[in-house]
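Subject: Structure handover and notes

Hello,

I am passing on the structure we talked about, and I would be glad if you kept it open beside this message while you read.

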Amino acid sequence: EKVPTSRVKKVVGGITLKEARELAARDQEEYEVESILDCKKDEEGDWKFQVKWSGWPKEDASWEYPETLKGLDEFSLFLESHPELKVDVERYLSDRK
């Protein structure tokens, strides 16, 4: 199942990817990605990216899974500027298909 990036929503607290997808599918508001600030792996070894939302302060940045960000220019720019991560993230995404 794919979730349109326009359905990504800031969530406070830790939730699973399945829960994030279900929440995003119910949300009717749209959020625009301003930039990707950072990335890390969660406890399960899944990549997460810290997203700065347009019109929101940096303190409201949220951690999002790459499946909801792939295809965005900001995501591609982040990976291009971090070549040491790019191969790992692309491999992760291809393994998730």
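Below are notes on a strand pair, a helix pair and some salt bridges. Please keep in mind throughout that this is a predicted model.

I would begin with the strands, where E1, covering residues 33–41, pairs with E2, covering residues 47–53, in the antiparallel sense and over 7 bridges. Within this pairing, Ser35 stands opposite Lys52 in E2, and the hairpin has 5 residues between its strands, with Gly45 taking a positive phi near 85 degrees.

Lys52 is also worth a look for its side chain, which forms a salt bridge with Glu34, the closest N and O atoms being 3.3 Å apart. This pair links distant parts of the chain, since Lys52 belongs to strand E2 and Glu34 to strand E1, 18 residues apart.

Turning to the helices, H2 (residues 73–80) and H3 (residues 83–95) have axes that come within 7 Å and cross at roughly 125 degrees, so H2 is described as oblique to H3. On the H2 side the contact is made by Phe75, Phe78, Leu79 and Glu80, and on the H3 side by Pro83, Leu85, Lys86, Val89 and Leu93. Sorted by class, this contact has 7 nonpolar residues, 2 charged residues and no polar ones.

Glu80 and Lys86 also form a salt bridge, in which the closest N and O atoms are 2.4 Å apart. Here Glu80 counts as exposed, at 51% relative accessibility, while Lys86 counts as partly exposed, at 22%.

Which parts of the chain does the salt bridge between Arg96 and Asp46 tie together? The closest N and O atoms of these two residues are 3.3 Å apart; Arg96 lies in the segment after H3 and Asp46 in the loop between E1 and E2, so the pair ties together parts that are 50 residues apart in sequence. Arg96 is partly exposed, with a relative accessible area of 39%, but Asp46 counts as buried, at 14% relative accessibility. Both residues also belong to a network of salt bridges that links Asp46, Glu67 and Arg96.

Altogether, the count of salt bridges in the model comes to 6.

Terms used:
Residues are numbered from 1 along each chain as its sequence is written. This is a predicted model: local features need pLDDT of at least 70, side-chain atom pairs count only at pLDDT 80 or more; totals for chains, interfaces and linings use all residues. Side-chain values use heavy atoms; hydrogens and water are left out. Two strands pair if DSSP finds at least two bridges between them. Helices (H or I, at least four residues) and strands (E, at least two) are DSSP runs, numbered from the N terminus. Axes are lines fitted to C-alpha atoms, for helices over the stretch in contact, and angles run from 0 to 180 degrees between N-to-C directions. Angles under 35 degrees count as roughly parallel, over 145 as roughly antiparallel, 65 to 115 as roughly perpendicular and the rest as oblique. Contact means heavy atoms within 4.5 Å. Ala, Val, Leu, Ile, Met, Phe, Trp, Tyr, Cys and Pro count as nonpolar, Asp, Glu, Lys and Arg as charged, and the others, Gly among them, as polar. A salt bridge is a side-chain nitrogen of Lys or Arg within 4 Å of a carboxyl oxygen of Asp or Glu. Buried means under 20% relative accessible area, exposed over 50%, partly exposed in between (1.4 Å probe, protein chains only).
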